Amino acid sequence: MKILVINGPNINMLGIREPGIYGSNTFADLLALLEQTAREENIEIEQYQSNHEGCLVDKIQESFGKVDGIVINPAAYTHTSVAILDALKAVSIPAVEVHISDVDSREPFRQISYAGLACQKTIKGQGLQGYRQAILYLKDFLQK
């Protein structure tokens, strides 16, 4: 089983970026968590991060026929990108949306998720552990 984990803009700045909202864990901590989860669950995880919308769309399209599931944190593009929504719909790969912070308790515009419309589930406000929860959910979903 192979799961692609996609992170959008500024996720690479974890630990530096607004620690009061996103915590003190770094992007390296996130990558370590993904590697640990892959080992423990005996699955393959590919990680991709970009600050550019078109690159995220390209990665989603390139994953067609190559991965079994997608975990995606579109970050700021969550609230603006119909292109990412359309790419997720086009490939029809089961996906779970993740948000480190609880976007429902933040600014009103953050409560709109285009990407989430193409996802099986959304996990928010669980910090980095939300990624692990998303991977476990996808593993279970894909094995059924």
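This is a predicted model: local features need pLDDT of at least 70, side-chain atom pairs count only at pLDDT 80 or more; totals for chains, interfaces and linings use all residues.

Residues are numbered from 1 along each chain as its sequence is written, and side-chain values use heavy atoms, with hydrogens and water left out.

Salt bridges. The term means a side-chain nitrogen of Lys or Arg within 4 Å of a carboxyl oxygen of Asp or Glu. By that rule there are seven. Glu-46 pairs with Lys-2 at 3.4 Å, N to O. That joins strand β2 (residues 44-49) to strand β1 (residues 2-7), with the two residues 44 apart in the chain; strands are DSSP runs of E, at least two residues, and helices are runs of H or I, at least four, numbered from the N terminus. Glu-46 also pairs with Lys-59, at 2.6 Å, N to O. Lys-59 sits in helix α3 (residues 53-62), 13 residues from Glu-46. Lys-2, Glu-44, Glu-46 and Lys-59 are linked in a network of salt bridges.

Now the helices. Helix α2 (residues 27-41) and helix α5 (residues 129-143) pack at about 30 degrees, axes 10 Å apart. Axes are lines fitted to C-alpha atoms over the stretch in contact, and angles run from 0 to 180 degrees between N-to-C directions. The two are therefore roughly parallel, a term for angles under 35 degrees. Among the residues that meet are Leu-30 and Leu-33 in α2 and Ile-135 and Leu-136 in α5, where contact means heavy atoms within 4.5 Å.

How values were computed: Angles under 35 degrees count as roughly parallel, over 145 as roughly antiparallel, 65 to 115 as roughly perpendicular and the rest as oblique.
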